[in-house]
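Hi there,

Here is the structure I promised to pass on to you. Please open it alongside this email, and my notes on it follow below.

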Amino acid sequence: MKIFSSRKRFIAGIIVLIMIFSMISISIGPLPPMNKLLNPNSGIYSVPPEYRTGAKYMNITQDGKTAEVITFQESDGFIGIYSPHNWSLYYEQGYLEAKYRLAQMVFIKKDAQGTLSSLVGKSELKSDIFSREIMDCQIASEEVHNLSKSSYTYMATSNFVDGINAYINNLSYRDTPLLFKLLNYKPHDFNITNIFAIQQTFLWENSAGGFDPLYFQYALQQMPENVIRALYPAYPAGIQNPIVPYTCNPSVYNETGDIRNLSLYTPSVNIPLNLTQVSDSSPVALSFPSSDSFSNDWAVNGIKTDNVSALLANDPHLTTSVPSIWIGFQLVSPEQNVIGVVFPGFPGIILGHNNKLAWGATNGQIQETYFYAEETSPSHPDSYYSNGQWVKFQNINETINIKGSSPYHMKLDVADTGVVIENDSGVKIAMDWTGLNASYELTFFLHIDRSHTVTQFRQNLTEYFRVAIQNWAVADSKGNIGIFPSGEYPVINTGNPRGVLNGTGESNWAGFVPLKDEPYLYDPARGFVFSDNQITVSPNYPYYIGWDYESGYRADEAHLLLNTTSGINTSKMENIQLTIHDYTTNIFLKPLLNSIENYYGNSGLYRELDQWNGNMTVNSTAATVFYFWEQNLVNDTFLPYMHAYGITSSDGLFNVSFFIGPDSMYHGPLIEDLANWTVNEPNTSYFDNPVNGQARNFTSIALEAYNQTVAQLTEKYGKNTDNWHWGNIHKRYLSSFFGVDPLNTRSIPAAGDGNTINAAYGIVSDFGPSWRLVVNLSHPESAMGIYPGGISENPLSNYYSNNFIPWNNGVYYRLIPEKMPAEFYYGYGGSNE
Amino acid sequence: MNNGYKVLSAMVIITITGFLFSYYGYWYLQVIPSVLTGYFLLRKIWYILVAGLFSTAGLFISFIPSYNIKMKGALLSAEVSGIPYYLLIVLTLVIMFAITVGGLLVGSSFTVQQKAPDEQLK
C-alpha cells in the first residue's frame, strides 16, 4: 500500500517543522526563545490585566491561618488594605507590591545583593563590586541573625515576604514583567535577608558624603590653603537659615566637641590619587534615590495656623521615575491606620501619617563616609599599620557572575577603618560608613506607623534610626512639632575629614556625637520647623558634621514664607510647596541689572529682567536669561581656578558640585561664595583670574556672563526672544526606573528650577518632588498628597504614568477618599469629614 | 467534494484555527489542523503557501481586540532590545506561516485512501 504520495514533500514538511520548532525553542544570542517571547497571547503582545478601582473582599490563608482582607484600589497610585490581623496586612502588602512592582523589586534586590550583572550583563559590574564592598548581604545576614523571632519586625517582614512569594509562585508567563520576558528571567523567591539587604542599599543611597572626600582630596592637595579657605569654607558663606539655629536651641551648643581639633583646610595625607576605577555606587540601570537627593519639609503649630493644632508638609526630591520609587498604601488593622508611601521591597509606610501623627524627611546632608589612606608595606603583606602595629586585613572573597561573560573574582579587604575601595591609585583607601554595622531602620518605620506623638516618634528614632541621617519633621494632633536630624554622627580627634585621613589610627572614629548634643528642635517659640537640606546648625556648633550642603536658597525662601505667613491652612501649605520663586534673584538680579545697564539698559531683555518678579514660570523669558546667566557666572568665576590648580574631569571637574558640577548652582559652596562676594565684597581679589592674573570684579564677570548667555540663547533658539520662554526650554519627564529610555514618558514644559521650593533640577528634569504630602493634624483624614507616575510598573498599563500631568500641574488628591469601606476610617472619627 | 470547495474550506479552517490558537496562546498547536487540512483538503503547493498566509491573517485578526496595546508592547520590546520594530512583527508572522506550511506539507504528503483515479499530485 502506498502511504506517501510524495516522500519528498513529507521530508520537506518534517524538516520545516523541525527547524521552526527548534529555532523558536532555544535562545538565539541575547534573545529568549521566540515561542514564548512572540507568543501572540502571553509574550510581548500580552495585554496587562485590568486594574479595577474600588473595593475587593477576600480571605487569605497562610500557614494554617485565615484572615479577612479588604483592599481598596484607587486611581491615584494608592491601595488601601484592611485586615483584623497584622500578619495578613503585611502579607497582602507584600503580595500587592509584587503584583504591581515585581521587576522593580527584583532589580532593587539584585542591586543590594550585588548580582545585577547576572541579569543585565557587564554594564552593572561596577555597581555590583560596590555592593559587595559595602557588604550589604553580610550585614543583612547579621541583622536577621540578631532579630528576635518574636519581634514585630520579624512578624511583619516574614509575612511580607510570604506575600511576595505567593505572587511569584503563581505568576504566569503572561503576567511576567516585559523586561523579564526580554531578559528571559524567571524571578526567584524573596527571603527576610533580602529585605534587610534592600534596607542596606537604601541606607547607602540616602547617606550623604558619598565619595566627596576622595574628590575633595584633589583640592586639598593641589590648591593653597588661602584658596581653600576662600572657595571652600568649612561653614557656608552667604545667608544661612540653619535647621537648628543657636537661637532656637542653644542647649546642643554647650559641649566642647571635636571641631576645634580638626584641620579643615589642609590635607591630612598626600597620596597619588587616581579615582578612575572607583566603583560606581549607583547602578546604571536603576534610577535610585541618592544622597544627592534634596527635599523640603516643614511643620507649623497653633502659633502660625488658622485654628488648627498643627500642619505638616513634605516633598522629598528624588529621581522622578516610572515606575515611581514610591508606592502608596493605606494600612489598617486594629493597631494602626497609616497612609503614605514606601519603597517597593519594604513593608509598612516610610513617609506619611496616621490619625494622630504626621512625618516627613529631607536628606540631612551629614557626612557619613570617612576615607583613610592605609599604610602598607611589602615586608608586611596583606597588612596595614594601625595604632603602632601591623594588622592583617580581613579578607573576603567574592565572585560576581556576569551574563554573557566569565565571572569576576574579587578579594575584599576590611580594616578597622572600614572596607578598602577599589581604586587605581596604588594606595589602599578604606571607607568607613555608619552603615557598616547592623542597624534596624526598618523597625523604626514599622514602629512610627503606630506612634501617636512627637515624643514617641523621637523615641523610636533615637533607638532605631542610626544611618542615613534625615531631617525628620514631625507634627502631632496635640499641636506639638519637631525636627530631628538624629543618627550616628562620627567624632574624630584629629585630621581633616573633608579629605582622606591618615589610616594609622589617630583619626579613627572615637565615637559618635552624644544624643544630648545632637541637634533638634521641639516646639520652638517661632511656631515652625523646617528643612530644605540647608546647613543643620549655626557656626558655633561644636562638632564637625559635614560641610557640603544644599546652598540654602530653598531654605531662605521657605524661611521667608513661613516667617511672614499667618493663619496657615492646608491651602497655604500647598501654595508654599508649589512656590516657584527663585531666591537667588533676591541676591543677584539687581547687581546683574546694575552691571549691564550702561550697555543694555534700553533693550527689551533688560526691561523684562527689570520688571521680572523672580518667578520661574513657563512663559518667562527673563527666567531663562537669568538661569543661564547664573550658570555662566559660576563657570566664568571658578573655571579658571580649576584650570589654575589642575582639576581635570578625572578629578571630578564638572561632576561634583565643588568642581562646577551640574548641581553647583543649588548645591555646594561655589554659588554661596558668589552670593557672599556679590553682596559683601563685589571687588574681592578672588574674582581675579588666577590663571593670567587679570583683574576682575563682579561687574566685569556679570557682563561677560550676560554676553555669553545672549549669544548661547540666540544660537540655540534664534533671535526671537519669545522662543526663549522658560517652558520651551525647561521640561519635566519621568525617566525609566530601569534606565531604559524607550520607557520614559514624554517631556512637558515645567516651571521652577533647582533653587525653587517646587524644584525641577536641570534643564530637562527627572529630579524633583517624588511625593507631596500636606496634613492637617486637626483633620488628618483630609490629608492631601500625590506622587508622579502610577501604581503599575507595566508601561502598557493605563496606570503607569497617569499622575504625571496632574502632579506637574500642582494637583493634590485626598489620600483617604470618600466612599471607601467604613473600615478605612478607623481612628479618624467617621467618614467624609 | 469539489476541489474548489475543498480549497475554500481549507483556507477558512486554517484562518479560524490560526486565530483561535493565537488568541489563546497555543499557536504551536496550529500544526495539528494544518496536518489534517493537508491530508484531507489541500494538495497543490501553491494553495499550501496561500493557506500559510491565511494562517498569518488569522494571527493578525487575534490582535484586533487589543490592537493598540499589543503593537505598543511590540514597539517597546523592539526599542528596548534594539531590534527594528517591524522585524518582531514579521518574525511572529513567519513563525506562524512556517508552522502552518510545515504541517500542510506533511499532511498533504500522505496518500488519501479514496481518491479519484485521475487525481494527480504535483
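Let me begin with a term: a residue is buried if 20 or more other C-beta atoms lie within 10 Å of its own, exposed if 12 or fewer, and partly exposed in between, with C-beta atoms placed from the backbone. This is a predicted model, in which local features need pLDDT of at least 70 and side-chain atom pairs count only at pLDDT 80 or more, while totals for chains, interfaces and linings use all residues. Residues are numbered from 1 along each chain as its sequence is written, and chains are lettered from A and ligands numbered from 1 in the order in which they are written.

Strands in chain A

Helices (H or I, at least four residues) and strands (E, at least two) are DSSP runs, numbered from the N terminus. Take strand 4 of chain A, residues 294-301: eight of its eight residues are buried. F294(A), N296(A), W298(A) and V300(A) point one way from this strand, whereas S295(A), D297(A), A299(A) and N301(A) point the other way. In a regular strand the side chains alternate between the two faces of the sheet.

Two strands pair if DSSP finds at least two bridges between them. Strand 4 of chain A runs antiparallel to strand 5 (residues 310-319) of chain A, and eight bridges join them. One place to look is V300(A), whose bridge partner in strand 5 of chain A is L311(A). Strand 4 of chain A is also joined by four bridges to strand 24 (residues 528-531) of chain A, again antiparallel. There, W298(A) has F530(A) as its bridge partner.

Strand 17 of chain A (residues 429-433) is mostly covered too, with five of its five residues buried. I429(A), M431(A) and W433(A) point one way, and A430(A) and D432(A) the other. Strand 11 (residues 369-373) of chain A is antiparallel to strand 17 of chain A and joined to it by five bridges. Strand 16 (residues 418-421) of chain A is antiparallel to strand 17 of chain A as well, with three bridges. Have a look at A430(A): Y372(A) stands opposite it, and A430(A) is also the bridge partner of V420(A).

A buried tryptophan

W359(A) lies in strand 10 (residues 357-363) of chain A. Why does W359(A) count as buried? Because 31 other C-beta atoms lie within 10 Å. Two residues are in contact if their C-beta atoms, placed from the backbone, lie within 7 Å. Leaving aside neighbours within four places in sequence, W359(A) is in contact with L351(A), I448(A), F457(A), W472(A), A473(A) and V474(A). The C-alpha atoms of W359(A) and G482(A) are separated by 9.6 Å, although the two residues are 123 residues apart along the chain.

Two helices of chain A

Helix 6 (residues 136-145) and helix 9 (residues 192-205) of chain A pack at an angle of about 125 degrees, with their axes 8 Å apart. Axes are lines fitted to C-alpha atoms, for helices over the stretch in contact, and angles run from 0 to 180 degrees between N-to-C directions. The contact includes I139(A) of helix 6 of chain A and F196(A) of helix 9 of chain A.

Chain B

Chain B has five helices and zero strands. Of its 122 residues, 44% count as buried. Among contacts in chain B between residues at least 6 apart in sequence, 81% join residues at least 24 apart. Helix 1 of chain B and helix 3 of chain B pack at an angle of about 35 degrees, with their axes 7 Å apart. Among the residues making that contact are M11(B) and F19(B) of helix 1 of chain B, and F54(B) and L59(B) of helix 3 of chain B.

Where the chains meet

The contact between the chains takes 37 residues from chain B and 33 residues from chain A. On the side of chain B that touches chain A, two or more residues each come from helix 1 (3-24), helix 3 (45-63), helix 4 (67-81) and helix 5 (85-108) of chain B. Which helix of chain B gives the largest share of that side? Helix 5 of chain B does, with twelve residues.

Enjoy exploring,
A colleague
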